[in-house]
Amino acid sequence: MREISLHILDIVQNSIAAGANRIEIKAEADTKRDWLTVTVKDDGRGIPDDMLERITDPFVTTRTTRKVGLGLPMLKAAAEMCGGGLRIGSVEGKGTEVTAQFGLSHIDRMPYGDIVGTIVTIIAANPDRDFRYEHIVDDRVFVFDTSDIRRELDDVPINALPVLNWIRGYLEEGIARVGAIL
Amino acid sequence: MKTLADLQKIREQVQKQMKVREGEQRGRIVVAMGTCGIASGARETMSAILDELEKQGVSDVTVTQTGCKGICDKEPVVDVAMPGQPTVTYGLVSPERARAIVNGHVIGGEIQSEWVIAQQD
């Protein structure tokens, strides 16, 4: 993966595969402590304890189309490469929370990348699930929640192209106000 | 500045379109979004598809996603299913190819055979 935003798209796919109805993404850049912390939290079916222990092993996967699962191991490597790490908490039947921490100014940290592209892609392909994105730079916060959008839409699907277009612009503006994470 | 109030106008506009075609969907595009697909550019492919559909004013095609299909070396992989035609699986779909597939196949009705890796009736 070339960007943290692509890792986010990838981790959200796990939440979707786990049947989550609501997925909350949070990215927080703390310039004083020099951390970038990304959290993906879902209400999916959760991960059994014995699986959780082995989940960052590339040869562990629930899929049947191939025998390796590289998503979490790659994210773990990307985080550890810049002095951070990966934490996964999960309760069966309740949900999962994945937290990746990166050294914000570390030379080996991959760029945050196109988060707007990631969010629009997720919404376009999953109109029946709710997503929340919190973008925090120090004490400035931007929050986007599809449940707020849905209230304005009536019977219009959230992935209708004019709506997606508006969401793209809304996210770009909101993130620019708070400050882009590079 | 964009506000949630803008959505009212957009809603009315889309509702008008929906009325015209009575909710009928003409076709379906599926982008594979496994780790392999994402690492190969599936997000950019998806963005190009959405952008091209919007540009061409196509509003009756469903765009959705699936996971890894086991053909990781051909990612990004995109399926196109149009009524009266076999479901076509395209491989190595760059954003440029994606735009050509939208215009040639989804709008023009012609399967772009040089990029096809599988067909299913």
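**A walk through the sheet and a helix crossing**

Let's start with the open sheet of six strands in chain A, whose order is E3-E4-E2-E1-E5-E6, with mixed pairing. Here, strands (E, at least two residues) and helices (H or I, at least four) are DSSP runs numbered from the N terminus, and two strands pair if DSSP finds at least two bridges between them. E3 (85-91) and E6 of chain A stand at the edges with a single partner strand each, so one side of each has no neighbour in the sheet. From one strand to the next, the twist averages 10°.

Before going on, a word on what you're looking at. This is a predicted model, in which local features need pLDDT of at least 70 and side-chain atom pairs count only at pLDDT 80 or more, while totals for chains, interfaces and linings use all residues. Residues are numbered from 1 along each chain as its sequence is written, with chains lettered from A and ligands numbered from 1 in the order in which they are written.

Now follow E5(A), residues 130-137. Strand E1 of chain A (residues 22-30) pairs with E5(A) in the parallel sense, over eight bridges. Within that pairing, A:Ala27 has A:His135 as its bridge partner. E5(A) also pairs with E6(A) (residues 140-145), this time in the antiparallel sense over six bridges. A:His135 turns up again here, with A:Phe142 as its bridge partner in E6(A), and A:Tyr133 stands opposite A:Phe144. The hairpin of E5(A) and E6(A) has two residues between the strands, and A:Asp138 takes a positive phi near 55° there.

Next comes a helix. H6(A) lies across E5 and E6 of chain A and runs at about 165° to E6(A). Such angles run from 0 to 180 degrees between N-to-C directions, and axes are lines fitted to C-alpha atoms, for helices over the stretch in contact.

H6(A) (residues 161-178) also takes us to chain B: its axis and that of H3(B) (residues 42-55) come within 10 Å and cross at roughly 120°. The two helices are therefore oblique to each other; angles under 35 degrees count as roughly parallel, over 145 as roughly antiparallel, 65 to 115 as roughly perpendicular and the rest as oblique. So who meets whom? A:Leu161, A:Leu164 and A:Asn165 meet B:Leu50, B:Leu53 and B:Glu54, contact being C-beta atoms, placed from the backbone, within 7 Å.

Note on methods. Contact = placed C-beta atoms within 7 Å.
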